[in-house]
Amino acid sequence: MSSRWLGVGFLAPALVAVLFFFLLPVVMTVMFSFTNMTTATGITGGEYLLSKSRLRQLEAEGVSEETVERLESAGYQITEQGLAALAEEFGEDRADELREDYMGESFTARRDLERVLRNLNDDPIRRTRDRKAAADLFAVTILDERFPTEPAFRDALTESGIDPADHDALVKTAYTGWTWTTDNFKLLFELPATLRYAMNTAIYVVFTLAFNVGFGLFLAISTFYLPQHLANTFRTIWFLPRILPPVMYVLMWKWFTWDTGFISTVLSVFGVTPINWMTESALNAWTVVVLINGFVGASLGMILFSSAIKAIPLSMLYASEVDGAYRWDQIRYIILPQLRWPVLFMTSYQTLSLLTSFEYILLSTEGGPGGSTTTWALAAYTTALRNYGGNLEYGFGAAYALVLVIIGIILSVLYLRFFNFKELVAKPRIEQ
Amino acid sequence: MTGNLRIWPIVLLLGIVSAPLIIMYVFQVIESVAQPQPGTLMPGEINLHNWRFLWQELDRGRPSIWTATFNTFIFATTIALAVCALSSTAGYALSRLNLPGRPYFLGGLIILHAFPTITLIIAIFIVLQYLGLFDTLLGVILVKAALELPFGIWIMKGFYDTVPWEIEMAGVQDGASRFRVWWELVLPQVKPGLAALGIISFLQGWSEFVLPLVLAPGSETQVLATYMYSVIQDDAKLDFGLFKAIGMFYSLPVILVYLIFQKQLMNIYGGGTKG
């Protein structure tokens, strides 16, 4: 088998997965952001439905008064469909007589049709209430009737004798599905909340990143100077937040900070009223959010930086000590310069993942109090996928997400240029 | 590391900054079996009241924890297998085979590896609805496995890169096909890498929260992460003892796996995708 075809076969399953769950979603995020898709419009096409309640708004939308009246005051027509219903409720005989004498005939007022029903030769409908019900079986109206396609709806409009000038407006109003629009982006620029989400994201990324890198450095360097078993103990303590399930990890923070939790219980000994330290104020919420993410991120820094420090030749460190270097000098002149690349990598890598992650915020403060810790990514999620509000705005949420997708693509392409690309794509040596 | 530097100031400092975590761990374990006396942190009587979720219904309409555990196990195992299978072939293709357009695939892989997939969740939510896979375990498994793939392929490519060329050369010169060479000679060489990737994918699947929350919200498809989340959300009394017991039950496999495979994990986890 030629290695070329083997390669294609080996890569194909992964390519299909990438196609369906990366490329397709990227394209669809762009598409959805230009629609007004919500739970109400559904995600497939819609139907055409003029409801009675919408009728009042029609005039404001430029539909003529005459048309509205026409839609409202339904006419009556003797049709097979109506006769079948009549036969079922009021007997075959009456239906047959009506079919013979009046088939296809129209009545503008119900009064007229009722008169006919009262005057049936064979077996007139005597009770007024029955007559009304019988007449209603022949009502011709397009209100509250669902039409699957636009032509079907237009035909129905023409049949009911509605002024063709109003057809377009009615079609537009009656459509229940989603349509293309650029309103999402207009709204994005107009809403004051947008600026706030951007600011929140900046705060979140800058502070968490500073904590991750700074604290990661501290952990890596300090554990380096400890005997093996002590170093391992502390590394395990700091590594656990990273492998514990997020729901579980954040639960521990909730217990630590909530009003029945650790901080409140300890402080109540000193007479402080128990409060929820996580969501008490915006400052508290930010502190907790940064720490929750920071503890997880710092462990990544600890691992990366520790292995970089291990790569420093021990003889270099011994030599510096013989020369009388203090520990601080050793860190300053030998260890830190060695960590330049890992720090750069960690900064760029985490900038992107922090920009777009919302899992820990969702689990802890849920963006509160009062939206003060809602970042851009969380806003996209809440707008499009959070169930509490009832109507999920997929289109608008996708517009928020699109901004992140674009930033994500730009930054990851930039990172690609950072790698030593030529070496990476060197030809396999086994090929001649 | 060296003799002339005192270590106790470092231990003290590390101990202070680690205190919140240590306190959380200690009370997590204690309070899962002992209710604290009201208003204090002192553990009271030890009993299994907090673990009642294992044998009785917590609320009406909530699925049993065993359903969720079974789902989580299926979810994590299938993901681990799928990621291992697809990464071991795709990684080999990218590392060793002369593909048309190989540089572009490699570049694409690096971009995908860095790309924050969580931003695509709205579109994926709708794609799954179109495919009829919304609120099924299969759907969310496919998504999670696909999103883990770039990481898996990247790791496996790295492992393949370290296998000496001579092994393959020898095989090819003896007349074996490239496929046989891969299966019989190269794959055994990267077994440790494959095992590590399997463990990590399993842990990632076991811990995954947002994808099941969004893509499989029904009670039949609940996994432990969404189960625990909904118990916490629905409980007005804030029964932290119960939450902690569920958390212990949920985290035990993770902690066990960590204790057993500590070394391998420490080495490879650096490339993980958590923030």
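**Exercise 1. Placing one asparagine**

Between which strand and which helix of chain B does the loop with B:Asn50 lie? Decide also whether B:Asn50 is buried or exposed.

*Solution.* Keep in mind that you are working with a predicted model.

- Step 1: Find the residue in the chain. B:Asn50 sits in the loop that links strand E2 (43–46) to helix H2 (65–96) of chain B.
- Step 2: Count its neighbours. B:Asn50 has 21 C-beta neighbours inside 10 Å, and the cut-off for a buried residue is 20 or more. B:Asn50 is therefore buried.
- Step 3: List its partners. Leaving out residues up to four places away in sequence, B:Asn50 touches B:Ser32, B:Val33, B:Gly241, B:Leu242, B:Lys244 and B:Ala245.
- Step 4: Take one partner and look at the spacing. B:Ala245 is 195 residues away from B:Asn50 along the chain, yet their C-alpha atoms are separated by 5.8 Å.

**Exercise 2. Chain B as a whole**

- Step 1: Chain B holds eleven helices and two strands. Read from the N terminus, the order is α-β-β-α-α-α-α-α-α-α-α-α-α.
- Step 2: Along the principal axes, the C-alpha atoms of chain B fill a box of roughly 75 × 65 × 30 Å.
- Step 3: Of the 275 residues in chain B, 44% are buried.
- Step 4: Consider the contacts in chain B between residues at least 6 apart in sequence; 75% of these join residues at least 24 apart.

**Exercise 3. Where chain B meets chain A**

How many residues of each chain are in contact, and which helix of chain B gives the most?

*Solution.* 

- Step 1: Count both sides. Chain B brings 87 residues into contact with 84 residues of chain A.
- Step 2: Find the top contributor. On the side of chain B, helix H1 (residues 8–31) gives the most, with twelve residues.
- Step 3: Sort that side by class. The residues of chain B that touch chain A comprise 64 nonpolar, 18 polar and five charged ones.

**Exercise 4. A helix pair in chain A**

*Solution.* 

- Step 1: Two packed helices are described by the angle and the distance between their axes.
- Step 2: The axes of H1 (residues 3–33) and H21 (residues 394–418) of chain A come within 7 Å and cross at roughly 130 degrees. H1(A) is therefore oblique to H21(A).
- Step 3: The crossing of H1(A) and H21(A) is left-handed.
- Step 4: Among the contact residues are A:Val26 and A:Phe32 of H1(A), and A:Tyr394 and A:Leu402 of H21(A). By class, the contact has nine nonpolar, three polar and no charged residues.

Terms used:
Residues are numbered from 1 along each chain as its sequence is written. Chains are lettered from A and ligands numbered from 1 in the order in which they are written. This is a predicted model: local features need pLDDT of at least 70, side-chain atom pairs count only at pLDDT 80 or more; totals for chains, interfaces and linings use all residues. Helices (H or I, at least four residues) and strands (E, at least two) are DSSP runs, numbered from the N terminus. A residue is buried if 20 or more other C-beta atoms lie within 10 Å of its own, exposed if 12 or fewer, and partly exposed in between; C-beta atoms are placed from the backbone. Two residues are in contact if their C-beta atoms, placed from the backbone, lie within 7 Å. Axes are lines fitted to C-alpha atoms, for helices over the stretch in contact, and angles run from 0 to 180 degrees between N-to-C directions. Angles under 35 degrees count as roughly parallel, over 145 as roughly antiparallel, 65 to 115 as roughly perpendicular and the rest as oblique. A crossing is left-handed if the near helix is turned anticlockwise from the far one by less than a right angle, and right-handed if clockwise. Ala, Val, Leu, Ile, Met, Phe, Trp, Tyr, Cys and Pro count as nonpolar, Asp, Glu, Lys and Arg as charged, and the others, Gly among them, as polar.
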